[in-house]
Amino acid sequence: MENLIAFIGFGEAAFHIAKGLKIEGLSNIVAYDANQNDDKKGIIIKKRADEIDIILKESVIEACSNAKFIFSLTSAKVCYELASTIIPNLVSGQIYVDMNSASPQVKSDIGKIKHAEGVQICDAAIMGKVPGNGHKVPMILSGDGASAFCIKLIRYGMNMTDLNAPLGGASAIKMFRSVVMKGLPQLMIESMMAAEKYGVLDTLLESLNDSLKGSSIEQLAEQFIARTIVHAERRSSEMEDVILTLESLNIDASMSKSTKEKLEKIAKLHLIDKIGAAPSIDYKEAIQLLISNTETISHSY
């Protein structure tokens, strides 16, 4: 292959990754961006390319034709459509690396696009901010193209972990991590606003610290999951007073309402009949128990 990497999409993330790789000594990089000839956006794209001496190809096909690795960095909205344009034209030995923040199902569907034998596809989930980290931003990889991508590019300082998982596995971790990382701050906001109105915010934090005791995620899971199954009905009732109190303070209680709803649905599964009031199962067994009742959960949801 004439070029090692072709960036399809040359926005901020692609620019910073390419810049870092160039500093590491990787020179055979090209790029193409659908907006590179736009009157406004094109000025920025061309300025970035000139700054780090990246050649902008005239078409997506031209950019990909001689590249070992094709990095797709556009958007989740168009990544499948783009992949369906590029992948059927690739030849054996080329590896398509989708770095967009798309769902694991979309990444899996990309893998099903008709392609020549020997073409590989990698799902690369970017797990941090690219500006400031550049090409060293943590990435997790899945798919049949992950190993070759990791082996070749890690020597240039890229921070990658190959999960040895099917396509979509990397994006699944990124998405489901967001459930906690984006949901937890909302729980904190709802709780802390109410505590501040009562003038007891500092005491609330002290109480939470006492309860959590610097626990790891695994320790919290052990503490919470099975006991939630056992006490779901009682805790759901307790949340009624929480919601009434929050609303009396003119505080949005949507997180608490959702908590109550979730607890009600778990209670309706009657899983306590299977594990008893003093469960000896660990959090993984508790999660499996919930999964095994997926059909019941989906109907009740």
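This is a predicted model: local features need pLDDT of at least 70, side-chain atom pairs count only at pLDDT 80 or more; totals for chains, interfaces and linings use all residues.

Residues are numbered from 1 along each chain as its sequence is written, and side-chain values use heavy atoms, with hydrogens and water left out.

Let me begin with the sheet. Helices (H or I, at least four residues) and strands (E, at least two) are DSSP runs, numbered from the N terminus. Two strands pair if DSSP finds at least two bridges between them. In general, strands of a sheet pair through backbone hydrogen bonds, either parallel or antiparallel. Here, 8 strands make up an open sheet with mixed pairing, and their order is 3-2-1-4-5-6-7-8. At the edges stand strand 3 and strand 8 (160-162), each with a single partner strand, so one side of each has no neighbour in the sheet. Strand 4 (residues 67-72) and strand 5 (residues 95-98) run parallel and are joined by 4 bridges. Phe-71 has Val-97 in strand 5 as its bridge partner.

I now turn to the helices on this sheet. Helix 5 (residues 104-111) packs on the sheet and touches strand 5 and strand 6 (120-126), where contact means heavy atoms within 4.5 Å. The direction of helix 5 makes about 160 degrees with that of strand 6. Such angles run from 0 to 180 degrees between N-to-C directions, and the axes are lines fitted to C-alpha atoms, for helices over the stretch in contact. Helix 7 (residues 169-197) lies across strand 6 and strand 7 (139-142), at about 20 degrees to strand 6.

How many salt bridges does the structure hold? The structure holds 8, a salt bridge being a side-chain nitrogen of Lys or Arg within 4 Å of a carboxyl oxygen of Asp or Glu. One of them pairs Lys-19 with Glu-51, with the closest N and O atoms 3.6 Å apart. Because Lys-19 is in helix 1 (residues 12-23) and Glu-51 in helix 2 (residues 41-51), this pair ties together parts that are 32 residues apart in sequence. Lys-19 is partly exposed, at 31% relative accessibility. By definition, buried means under 20% relative accessible area, exposed over 50%, and partly exposed in between (1.4 Å probe, protein chains only).

Another salt bridge links Lys-257 and Glu-247, whose closest N and O atoms are 2.8 Å apart. Lys-257 belongs to helix 10 (residues 254-267) and Glu-247 to helix 9 (residues 217-248), so the pair ties together parts 10 residues apart in sequence. Lys-257 is partly exposed at 41%, and Glu-247 is partly exposed at 37%.

Within helix 10, Lys-265 and Glu-261 are 4 residues apart, or about one helical turn. Their side chains meet in a salt bridge of 2.5 Å, N to O. Lys-265 is buried at 12%, whereas Glu-261 is partly exposed at 40%. Salt bridges with shared partners also join Asp-98, Lys-107 and Asp-123 into one network.

Finally, the loops. Asp-53, in the loop between helix 2 and strand 3 (55-56), has a positive phi of about 60 degrees although it is not a glycine. Asp-53 is exposed, at 59%. Lys-213, in the loop between helix 8 (201-212) and helix 9, also has a positive phi, near 50 degrees. Lys-213 is exposed, at 69%.
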